[in-house]
Amino acid sequence: MATPTKVSAVEEITADFKESTAAVLTEYRGLTVAQLKQLRRSLGQETKYAVVKNTLTGIAAKEAGIDAFEGQLAGPTAIAFIKGDAVAAAKSLTDFAKENKQLIIKTGYFEGKALDATEVAALAALESREFQLARVAGVLKAPASAAARTIEALRAKLEEANGGAAEAPAEAEAPAAEAATEEA
């Protein structure tokens, strides 16, 4: 029989699944409270790292329509619910797992697709969203910059051809005019 506490826990986990774009299932056996706190800080504000009960998480995942965690909910389990940049959160998790061998990345999902541990690592290996956007902006800006440089070079060349000849006599007249005023 479901208690009100368990029902509310399932509802909260279901809401976390539905609100997140990605989630990573981990085993945290052997990590201290201080290490878990450090991991939560490294994940940032947009990622919720929660220790969960396996049975309740299984029910919540089914209610949210996620089947990525079937057969993986065993042992001490925690889930990173990622609402922001999935690449940055995956990098934080994999970097932390490299430093702390007790953290084991089991599986995950990203935008509705199930991921195994190697795919989570591949997601972490991608460049950040900001870097990718900057690269796209640079590619889009390059033709406009090249056109601007070409137009500026043509303007300078025309100015040199037209204005350079006109400026030379003006400069030659100026010393002559100064010499005339000195003689008077």
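Glu27 is buried in this predicted model. Its relative accessible area is 16%, and the cut-off for a buried residue is under 20%. Glu27 lies in strand E1, which covers residues 22-27. The side chain of Glu27 makes a polar contact with the side chain of Arg29, at 3.4 Å. Glu27 also touches residues beyond four places away in sequence. These are Ala74, Pro76, Gln102, Leu103, Ile104 and Lys106.

The aromatic rings were examined next. The structure holds two aromatic pairs. In one of them, Phe17 is paired with Phe81. The ring centres of Phe17 and Phe81 are 5.1 Å apart. Their planes stand at 75°, so the pair is edge-to-face; planes over 60 degrees apart count as such. This pair links distant parts of the chain. Phe17 belongs to helix H1 (residues 4-19), while Phe81 belongs to strand E3 (residues 77-82). The two residues are 64 residues apart. Both Phe17 and Phe81 are buried.

Phe17 also forms an aromatic pair with Tyr109. Here the centre-to-centre distance is 6.3 Å. The angle between the planes is 50°, and the pair is tilted. Distant parts of the chain are again linked, with Phe17 in helix H1 and Tyr109 in strand E4 (residues 104-110). Phe17 and Tyr109 are 92 residues apart. Tyr109 is buried, as is Phe17. Through these ring pairs, Phe17, Phe81 and Tyr109 are linked into a cluster.

Methods: Residues numbered from 1 in each chain as written. Predicted model: local features only at pLDDT ≥ 70, side-chain atom pairs only at ≥ 80, totals over all residues. Heavy atoms only, no water. Helix = DSSP H or I, 4+ residues; strand = E, 2+ residues; numbered from the N terminus. Buried < 20%, exposed > 50% of the residue type's maximum accessible area, 1.4 Å probe, protein only. Polar contact = N/O pair within 3.5 Å; in protein donor to acceptor, adjacent residues only side chain to side chain. Contact = heavy atoms within 4.5 Å. Phe/Tyr/Trp six-rings, centres within 6.5 Å; stacked < 30°, edge-to-face > 60°.
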